[in-house]
Amino acid sequence: MKLLALLAAALLLGACQSPNPYQYQSRPVPPAPPGVDSLFDASAYPAPPRDFGRYRSWAWLDGQLPAGNNWATPEQMADMVNAGLDQHGLRPARTPGQADLRVSASLRYEKRLRQYDDYGGAYYGSGPWHDQYGAWASVPIVRTYEEQVAVVYLQFFDARDNQLVWSGSGEASANGDRADGVAALRAAMKDALDGYPPH
């Protein structure tokens, strides 16, 4: 047994001393094309995060107030935007050229499909006044209806590079009279600004 172990060890040592049939060869790296050191691919790097703390003032994008509608005049819409931005520490710039942000606001009427469960039931049997049993079954019926909503869209652009830095939207039911509509627009404006500044 010991003789077999010694023989196997000798064979292994002999195999380790044999030359390696695989030879390493290297080729020189081709030279870089001219001008490659001056190229910069910005898409290969993530954009630096925005410092929303430096945004303190705003002005209307292209000097345009939001359009009016059958609920509110352009001035009322502008007041709603101004009040909402004020709650987030953004003040109107003294002159448009000094603004940190350019703000765009618009309102569109859109349709939404809503669903609700309507629980209807039925009783089967002869009732408790006899010696027989009955059963009550309740089956939800999903009903769909169409509702018109008013959607407020807000967009903020950096005044230095004109890049879109934030957008938000909020909606309110468009059913009701003018007084209800103004209150609904204020609520939609608040919802649109809930996500500002982003975390």
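This is a predicted model: local features need pLDDT of at least 70, side-chain atom pairs count only at pLDDT 80 or more; totals for chains, interfaces and linings use all residues.
Leaving out residues up to four places away in sequence, serine 57 touches Arg91, Ala93, Gln98, Ala99, Asp100 and Leu101. Threonine 95 is 38 residues from serine 57 in sequence, and the two C-alpha atoms are 9.9 Å apart in space.

Tryptophan 60 is also in strand S1. Its relative accessible area of 15% is under 20%, so tryptophan 60 is buried. When neighbours within four places in sequence are set aside, the contacts of tryptophan 60 are Leu65, Pro66, Ala78, Val81, Arg102, Val103 and Ala105. For one of these, alanine 78, the separation from tryptophan 60 is 18 residues in sequence and 9.4 Å from C-alpha to C-alpha.

Val81, a contact of tryptophan 60, is also one of the H2 residues that meet H3. Helix H2 covers residues 74-86 and helix H3 residues 178-193. The two helices pack at an angle of about 35 degrees, and their axes are 10 Å apart. The crossing of H2 past H3 is right-handed. On the H2 side, the contact is made by Gln76, Met77, Met80, Val81, Gly84 and Leu85. On the H3 side, it is made by Arg178, Val182, Leu185, Arg186, Met189 and Leu193. Sorted by class, the residues of this contact are eight nonpolar, two polar and two charged.

The length of H3 can be checked against its number of residues. With 16 residues at 1.5 Å a residue, H3 should span 22 Å, and the distance of 23 Å between its end C-alpha atoms therefore agrees. Buried residues in H3 are Gly181, Val182, Ala184, Leu185, Ala188, Met189, Ala192 and Leu193. Among them, Val182, Leu185, Met189 and Leu193 also take part in the contact with H2. In an α-helix there are 3.6 residues a turn, so residues three or four places apart point the same way.

Most residues other than glycine have a negative phi, and most peptide bonds are trans. Aspartate 62, which is not a glycine, has a positive phi of about 55 degrees. Asparagine 162 is exposed because its relative accessible area is 56%, which is over 50%. The peptide bond from tyrosine 196 to proline 197 is cis, and its omega is near -10 degrees.

For the protein chain as a whole, the secondary structure consists of three helices and five strands. Read from the N terminus, the order of the elements is α-β-α-β-β-β-β-α. The chain has 199 residues, of which 25% count as buried. Among contacts with a separation of 6 or more, 69% involve residues 24 or more positions apart. The accessible surface is about 14,900 Å², and carbon and sulfur atoms account for 55% of it.

How values were computed:
Residues are numbered from 1 along each chain as its sequence is written. Side-chain values use heavy atoms; hydrogens and water are left out. Axes are lines fitted to C-alpha atoms, for helices over the stretch in contact, and angles run from 0 to 180 degrees between N-to-C directions. Helices (H or I, at least four residues) and strands (E, at least two) are DSSP runs, numbered from the N terminus. A crossing is left-handed if the near helix is turned anticlockwise from the far one by less than a right angle, and right-handed if clockwise. Contact means heavy atoms within 4.5 Å. Ala, Val, Leu, Ile, Met, Phe, Trp, Tyr, Cys and Pro count as nonpolar, Asp, Glu, Lys and Arg as charged, and the others, Gly among them, as polar. The expected span of a helix is 1.5 Å times one less than its number of residues. Buried means under 20% relative accessible area, exposed over 50%, partly exposed in between (1.4 Å probe, protein chains only). Accessible areas come from the Shrake-Rupley method with a 1.4 Å probe; for residues, only the protein chains shown count as cover.
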